[in-house]
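Take a walk through this fold with the coordinates open. Keep the sequence at hand.

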Amino acid sequence: MATEVAELTWYHTIELPGGVVTPGEYNTRRAVAKIPFPPDLTGSRCLDVGTHDGFWAFEMERRGASDVVAIDLDDPRETDISHPVGPLSEAAVQDRGQRPHAFAVAHRALGSSVERRNLSVYALDPEEVGVFDFAFIGTLLLHLRDPVLALSAIRTVLRPGGQLLVNDAVSFFLSLRHPRRPAFELTLAPGRPFWWLPNAVGIRRYLEKAGFEVTDAGGPYFLPRGPGYARPPIPLKLGSVVNREILRRGMVHGWALGVRD
């Protein structure tokens with residue numbers, strides 16, 4: 001198993017049996033302590049949106065969830081790519097192509113019962129996937145053309161009283177400049193599927209606009225890089241010491257917890 005793990009590209013840092021740890025781009029194990037991820041999901045039906053190689057879905061299962069559905073897109077042509085920016089880079093295409101395989105390796109090693117579906121968040125339908133008690137979406141909204149539409153789709157598959165925890169990338173500078181009101185910037189990164197980047201308060205506003213009652217929110221915090229991080233750096237202004245220090249510490253995130261009425 002260790003050899004198979006080493007041959008794949010991993011986004012999440014996942015602890016597998018036998019002391020094997022996947023070399024993720026980000027150490028998501030550190031994020032668990034930064035957000036109000038439910039410590040006990042016993043008997044709950046859960047949804048992981050944008051599962052990638054499955055860290056959060058497997059964490060739900062480990063915390064007692066009775067049923068976990070994990071969704072993601074395998075075909076890069078189905079992602080929200082801006083035509084003026086151009087197609088996904090070759091590295092991004094290869095990365096997406098490995099996601100199902102990496103998930104399958106971790107799934108098998110953990111003896112997991114998580115069900116993975118090749119499904120867009122926009123296409124969520126209670127007639128197709130049923131309804132859930134708890135849903136999680138992590139580091140995905142910045143890749144979506146319409147984050148509010150995505151959150152609204154998740155709301156349709158939550159039972160009344162069901163919770164959605166959003167944990168996503170935010171702008172460090174917008175969070176500092178506007179600590180109390182939502183602010184957003186539209187990013188431009190050639191070959192990368194990046195769209196809206198909010199400040200920490202903006203995550204809360206996303207949920208409110210999607211019809212959720214926000215019960216808690218926080219951030220910004222740093223999600224540290226893992227040993228598998230090998231992405232080319234986003235160009236920075238020459239001499240931007242602050243920017244370089246921020247990128248060295250990891251990806252800046254914020255979170256918000258919403259309840260469907």
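This is a predicted model: local features need pLDDT of at least 70, side-chain atom pairs count only at pLDDT 80 or more; totals for chains, interfaces and linings use all residues.

Residues are numbered from 1 along each chain as its sequence is written, and side-chain values use heavy atoms, with hydrogens and water left out.

Start at helix H3, residues 55-62. Helices (H or I, at least four residues) and strands (E, at least two) are DSSP runs, numbered from the N terminus. In H3, 6 of the 8 residues are buried, so the rest of the structure largely encloses this helix. Buried means under 20% relative accessible area, exposed over 50%, and partly exposed in between (1.4 Å probe, protein chains only). The buried residues of H3 are Phe55, Trp56, Ala57, Phe58, Glu59 and Met60. After H3 comes Gly64, with a positive phi near 105°.

On a 1 Å grid over the protein atoms alone, a cavity is a set of points where a 1.4 Å probe fits but cannot get out, and a pocket is an open set with protein on both sides within 12 Å along at least five of seven lines; lining residues have an atom within 4 Å of a point. Among the lining residues are Thr13, Arg29, Phe55, Arg62 and Ser112. The lining divides into 4 nonpolar, 3 polar and 5 charged residues. Here Ala, Val, Leu, Ile, Met, Phe, Trp, Tyr, Cys and Pro count as nonpolar, Asp, Glu, Lys and Arg as charged, and the others, Gly among them, as polar.

Now look at the backbone. Most residues other than glycine have a negative phi, and most peptide bonds are trans. His52 has a positive phi of about 55° although it is not a glycine. His52 sits in the loop between strand E3 (45-49) and H3, and is buried at 8% relative accessible area. Thr139 also has a positive phi, near 50°. Its place is the loop between strand E6 (132-138) and helix H6 (147-156). Thr139 is buried, at 13%.

What does the side chain of Thr139 make a polar contact with? The partner is the side chain of His253, at 2.8 Å. A polar contact is a pair of N or O atoms within 3.5 Å; within protein, one must be able to donate a hydrogen and the other to accept it, and residues adjacent in sequence count only if both atoms are side-chain atoms. The peptide bond from Gly219 to Pro220 is cis, with omega near 5°. Pro220 lies in strand E10 (residues 213-223).

Finish with the rings. The structure holds 10 aromatic pairs. Rings of Phe, Tyr and Trp (its six-membered ring) pair if their centres lie within 6.5 Å; planes under 30 degrees apart count as stacked, over 60 as edge-to-face and the rest as tilted. Phe37 and Phe134 form an edge-to-face pair, 5.7 Å centre to centre with 85° between the planes. Phe37 lies in the loop between helix H2 (28-32) and E3, and Phe134 in strand E6, so the pair ties together parts 97 residues apart in sequence. Phe37 is buried at 5%, and Phe134 is buried at 2%. Phe37, Phe55, Trp56, Phe134 and Phe136 form one aromatic cluster.
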